[in-house]
Amino acid sequence: MITINTYHSSECVAAGNLGRMNSAWNPALYDHRAGFVSELAADLVNWLRPLEGERILDLGCGTGTLTAQIAEKGAHVTGIDRSAEMISSAREKYPGIAFEVKDGQDLTYAAEFTAVFSNAALHWMPRAKDVLEGVERALLPGGRFVAEFGGAGCVQTVTGAVADILREWEIDPTPYHAWFFPSPGRYAGLLEASGLIVRELRYFERPTPVPGADGLATWLALFQSQLMKDLGPRWPVLCQMASQRCQSALFRDGQWWLDYVRLRIIASKP
């Protein structure tokens, strides 16, 4: 049975070089100020239902927080991430778990895992077709794919404000807004085209708190590090202008509430 919960049907799929968006990650800042990424998706591990002894791949594991939760269930987990900085942090925090630096768009596993898990990572991978074909190859027959990531409309207030400011400065915003935020229908089609069967798909709003008056600036520094580097001394000006333009829509009760929209899926390999 497929369940699709949507709040609108528009689609915002961006393509481009995500290397331009985040040239390097700051794992310490990520864990300190972006803990909400794993905390708000903690129940995704329950959707996965990891079993003792089974082999699971955590695709885009970041600093390994959810990888460790899966391992606590007795599963044998391998965490992969494109960022060497994130993997180094994960290895330091969880030395008993296998972590590897790998790009999720170029998976080479063949029938090795009973499940592939991913949280808040797939929107960083614009080559979605390659990702899903790699997931299908990596799974054993009957294996499952459980994931959550940004859907169409995610953080559109913030990205819209930043894009407008860059255009006013005669800077093309396209390279800095290259996330892959698909609609439910588009992603379901990609799953089926890769040979996976859609079991459940949910599309929902998740207003996400980012504490402090500087929360939006911190969020931008975390997820737009290349733009910060490229702008140099103009970066604080951009953060101030973006905060002013987004405040009426996203700031309340002393903190920022970013307009996250999520896709959550369960699919299986025949």
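C154 is buried in the predicted model, with a relative accessible area of 5%, where buried denotes under 20% relative accessible area, exposed over 50%, and partly exposed the range in between (1.4 Å probe, protein chains only). C239 is likewise buried, at 6% relative accessibility. The number of disulfides, each defined as a pair of cysteine sulfur atoms within 2.5 Å, is 0. The structure is a predicted model, in which local features need pLDDT of at least 70 and side-chain atom pairs count only at pLDDT 80 or more, while totals for chains, interfaces and linings use all residues. Residues are numbered from 1 along each chain as its sequence is written, and side-chain values use heavy atoms, with hydrogens and water left out.

The largest nonpolar core comprises 64 residues, of which F145, Y187, W219, L220 and L238 touch the most other members. Another core, of 14 residues, lies apart from it and includes A41, I56, A75 and V77. A nonpolar core is here a set of buried Ala, Val, Leu, Ile, Met, Phe, Trp, Tyr and Cys residues joined through side-chain atoms within 4.5 Å.

The count of cavities of 30 Å³ or more is 1. A cavity is a set of points, on a 1 Å grid over the protein atoms alone, where a 1.4 Å probe fits but cannot get out; lining residues have an atom within 4 Å of a point. Grid points are joined across faces, edges and corners, and the volume is the space filled by probe spheres set on the points. The largest cavity holds about 40 Å³ of space. Its lining is formed by L122, M125, A128, V131, F180 and Y187, and divides into 6 nonpolar, no polar and no charged residues. In this classification, Ala, Val, Leu, Ile, Met, Phe, Trp, Tyr, Cys and Pro are nonpolar, Asp, Glu, Lys and Arg are charged, and the others, Gly among them, are polar.

Helices (H or I, at least four residues) and strands (E, at least two) are DSSP runs numbered from the N terminus. Strand β3 (residues 76–81) is largely enclosed by the rest of the structure, because 5 of its 6 residues are buried. Strand β2 (residues 55–59) pairs with β3 in the parallel sense over 5 bridges, pairing being assigned if DSSP finds at least two bridges between two strands. Within this pair, L59 stands opposite I80 in β3. In helix α4 (residues 65–72), the buried residues include L66, T67, A68 and I70. G74, which follows α4, has a positive phi near 100°.

Positive phi values also occur in residues other than glycine. A111 has a phi of about 50°; it is placed in the loop between β4 (98–101) and β5 (113–119) and is partly exposed, at 40% relative accessibility. A120 has a phi near 55° and belongs to the loop between β5 and α6 (128–138). In contrast to A111, which is partly exposed, A120 is buried, with a relative accessible area of 15%.

G142, in strand β6 (residues 139–150), is exposed, with a relative accessible area of 56%. The C-alpha atoms of G142 and S268 are separated by 6.3 Å, although the residues are 126 apart along the chain. P211, in strand β8 (residues 197–211), is partly exposed, with a relative accessible area of 45%. Its C-alpha atom is 4.9 Å from that of Q255, 44 residues apart along the chain.

How values were computed. On a 1 Å grid over the protein atoms alone, a cavity is a set of points where a 1.4 Å probe fits but cannot get out, and a pocket is an open set with protein on both sides within 12 Å along at least five of seven lines; lining residues have an atom within 4 Å of a point.
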